[in-house]
Amino acid sequence: MPTDMASVFDEIGYWSEIKLDIVRQYALAYSKILSNQNLYHVYIDAFAGSGRHISRRTKGLVPGSPQVALDIIPPFKEYYFIDIDGAKVAELNRIVANRPEAHVLKGDCNSRLLTDVFPNVMYKDFRRGLCLLDPYGLDLDWRVIKVAGQMKSIEIFLNFPVMDMNRNVLWSNPEGVDSTDILRMNTYWGDGTWKEIAYHRIVDLFEEVRKMKVDNRTIALAFKEHLQKGAGFAYVSQPLPMRNSKGAIVYYLFFASQQQVANNIIKDIFDKYRSRGVR
C-alpha cells in the first residue's frame, strides 16, 4: 500500500476489530427498534478516522466505524462523523459523497459535539442518538460525556483508555507524573477525584506511608459509578476489557444508556465475547 494511503488508514489490532463487530451488532438492533418506533435516530462518531482501517492481522483494508454505521439496514436518519485530521476528513467526505444525510465535521470533537451535533439530538424533539466516543487516548473531555448523559436522548459507547493512563499517569510514584498528563486525566475524568480512587495508602515496615496503585478493574468500576452518578446515565455496562496479543488490557469498552432494553441487548453482546475469553 502506498505510504500516503497508509498514513490515512490507521492500523488496528484484532481487539479493535472485535469492538467494530460489537458496534455493528448493537447499531443494527438499535436502528431496527427506533425505526419501528418512528423516532428520528442519528449515529455520531466523535473520533471517526478515515472510515476504513488496515487490519494488523491480514494487512487488508477493513471497514471502520463510519462505514459500519453507513451499512446498517434500516439506516439511521442522519450521521455525524468528526475528525481533527484533514486527510482523514477528506477520505470521509469521499465515502459519503452520495449520502446527503451524512455530515463530516473537521475539528476537535470536544467542542464540535457540544456546539454542532448534540443540539440536533434533543429529547423534546423526539430525536435519539447513538454516539461512539473512541479516543486514541486521554483525548476526551468529561463535559461531553456528562452532557450526553444529561440530555437523556443519547447512548454512548466509550473507550476508557487504561493503557494510556497506566503509561503516562498512574505511576507507582505519582509525584513524578508530568503536569500535562495530570491535566489530561483530570479533563477525561472531570476532576481530580481519580487520585483517591487509583491509589490506596499503605504503611511499610519502616512505618512510612506510601501510595500503592490499585488494579485496572477497580479503576474501571469506579468510572462506571462515575458515569451513573456523575453523568446521569441510568444503565452502564460492566466494562469489557479489550486485550492485545500479549494479554495486556488496551482499554475497557463501556456502554451507557437511559434504557433497560438497551442495557439488556448490550449485556448479551458483551457476554458472548466474555465467554470467548475477551475478558
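Mentor: Before we look at the cysteines, keep in mind that a disulfide is a pair of cysteine sulfur atoms within 2.5 Å. This is a predicted model, in which local features need pLDDT of at least 70 and side-chain atom pairs count only at pLDDT 80 or more, while totals for chains, interfaces and linings use all residues. Residues are numbered from 1 along each chain as its sequence is written, and side-chain values use heavy atoms, with hydrogens and water left out.

Trainee: Okay, so how many disulfides does the structure hold?

Mentor: The structure holds 0 disulfides. The sulfur of Cys-131 has its closest cysteine sulfur in Cys-109, and because the distance is 8.2 Å, the two are too far apart for a bond.

Trainee: And those two cysteines, are they buried or exposed?

Mentor: Buried means under 20% relative accessible area, exposed means over 50%, and partly exposed is in between, using a 1.4 Å probe and protein chains only. Cys-109 is buried, with a relative accessible area of 3%, and Cys-131 also counts as buried, at 0%.

Trainee: Zooming out, what is the chain built from?

Mentor: The chain contains 11 helices and 13 strands, where helices (H or I, at least four residues) and strands (E, at least two) are DSSP runs numbered from the N terminus. Buried residues make up 51% of its 279 residues.

Trainee: Why does its radius of gyration agree with a compact globule?

Mentor: The radius of gyration is taken over C-alpha atoms, and the globule rule is 2.2 Å times the number of residues to the power 0.38. For 279 residues a compact globule would come near 19 Å, and the chain has 19 Å, so the two agree. Along the principal axes, the C-alpha atoms fill a box of roughly 70 × 50 × 40 Å.

Trainee: What share of the contacts links residues 24 or more positions apart?

Mentor: A contact means heavy atoms within 4.5 Å, and among contacts in the chain with a separation of 6 or more, 68% are between residues 24 or more positions apart.

Trainee: What else does Trp-15 touch?

Mentor: Not counting residues up to four places away in sequence, Trp-15 touches several residues, including Arg-56, Met-242, Val-250 and Tyr-251. Trp-15 is itself buried, with a relative accessible area of 13%.

Trainee: New topic: where does Asn-38 sit, and what is its phi?

Mentor: Asn-38 lies in the loop between helix H2 (14–36) and strand E2 (40–45), and its phi is positive, about 55 degrees, although it is not a glycine. Most residues other than glycine have a negative phi, and most peptide bonds are trans. Asn-38 is exposed, with a relative accessible area of 70%.

Trainee: Which other residue has a positive phi of about 70 degrees?

Mentor: Lys-59 does, and it is not a glycine either. Lys-59 sits in the loop between strand E3 (52–55) and strand E4 (61–63), and at 52% relative accessibility Lys-59 counts as exposed.

Trainee: Where is there a cis peptide bond?

Mentor: A cis peptide bond joins Ile-73 and Pro-74, with omega about 0 degrees. Pro-74 belongs to the loop between helix H3 (65–70) and strand E5 (78–83).
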